[in-house]
Amino acid sequence: MEINADFSQRSLLHTPQLEWQDSPMKGVRRRVLDRVGDEVARATTIVSYAPQSHFSPHVHTGGEEFIVLEGVFQDEHGDFPVGYYVRNPPQSSHTPRSDDGCIIFVKLWQFDLDDRQAVAIDMNTAPLSADETRQGVQINTLFKDSRETVQLEQWQAGATVSVDTRGGAELLVLQGDFTERGDKVDTLSWLRLPVGAGFQATAGPSGARVWIKTGHLRFADEEKARLG
């Protein structure tokens with residue numbers, strides 16, 4: 001199965017407008033943003049857990065990262081409320097659930113297979129510092145290795161912001177909005193930019209709080225082949 005899997009193309013999706021699709025697990029639905037593979041897939045997805053729903057225990061052979069957008073996500077490692085960014089590296093395992101229901105943004109099979117670094121960061125309290133190279137931008141680096149950089153960024157209202165797209169980029173708007181190439185990219189919109197696409201945006205009147213991942217799309221074809 002391939003959905004929105006041409007990584008050479010710019011893709012903008014306003015995720016609240018997408019229809020929910022049932023998953024194989026009762027009470028778990030998803031909005032697919034991109035996907036290569038069937039139930040084992042390189043995938044980017046919005047996932048909804050109904051109250052008392054859960055997945056069976058499983059190993060993340062290719063790694064998993066997620067952001068909690070609503071409610072509280074839970075597993076044997078803890079409770080993760082709105083605003084948490086979590087990385088479960090390759091070969092990690094868990095039994096995900098949500099007692100009261102939650103919605104998460106999740107990416108699967110997009111790690112260096114030798115990565116073993118677990119991350120759990122509350123982005124609500126993560127300290128931000130001024131980016132010396134971009135006026136009106138504050139950042140917190142959530143994760144960085146030779147393959148990718150993941151950052152939380154706060155853009156001041158009206159700021160003109162560039163993003164390094166030499167290795168491709170993905171952005172998820174957590175709060176506020178910005179305009180890029182004439183498109184309004186607002187809260188919970190997801191934007192994927194191919195390698196070398198270039199990016200310059202103008203933050204909206206309330207500014208924008210954005211999760212940004214760069215560098216990783218250089219490896220998208222390799223990841224597709226691994227699951228093909």
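**Figure 1. Positive and negative charges in the predicted model of the protein.** The protein carries 23 positive and 33 negative charges. The mean position of the positive charges and that of the negative charges lie 2 Å apart. The protein exposes about 10,400 Å², and 46% of this area comes from carbon and sulfur atoms.

**Figure 2. The fold, with one helix and 22 strands.** The radius of gyration is 17 Å, close to the 17 Å given by the globule rule for 228 residues, so the protein is as compact as a globular protein of that length. The C-alpha trace spans about 45 × 35 × 35 Å along its principal axes. Of the 228 residues, 53% are buried. When contacts between residues at least 6 apart in sequence are considered, 67% of them join residues at least 24 apart.

**Figure 3. Strand 17, residues 149–155.** This strand is mostly covered, with six of its seven residues buried. Strand 17 pairs with strand 16 and also with strand 22.

**Figure 4. The hairpin between strand 16 and strand 17.** Four residues link the two strands in this hairpin. Strand 16 comprises residues 137–144. Its pairing with strand 17 is antiparallel and runs over seven bridges. Within this pairing, Leu-152 of strand 17 stands opposite Asn-140.

**Figure 5. The pairing of strand 17 with strand 22.** Strand 22 covers residues 200–214. The two strands are antiparallel and are joined over seven bridges. At one of the positions shown, Gln-154 has Arg-209 in strand 22 as its bridge partner.

Note on methods
Residues numbered from 1 in each chain as written. Predicted model: local features only at pLDDT ≥ 70, side-chain atom pairs only at ≥ 80, totals over all residues. Heavy atoms only, no water. Rg over C-alpha atoms; globule rule 2.2 N^0.38 Å. Buried < 20%, exposed > 50% of the residue type's maximum accessible area, 1.4 Å probe, protein only. Contact = heavy atoms within 4.5 Å. Areas by Shrake-Rupley, 256 points an atom, 1.4 Å probe, with all protein chains shown as cover. Lys, Arg positive; Asp, Glu negative; His and termini not counted. Charge placed at Lys NZ, Arg CZ, Asp CG, Glu CD. Pairing = 2+ DSSP bridges.
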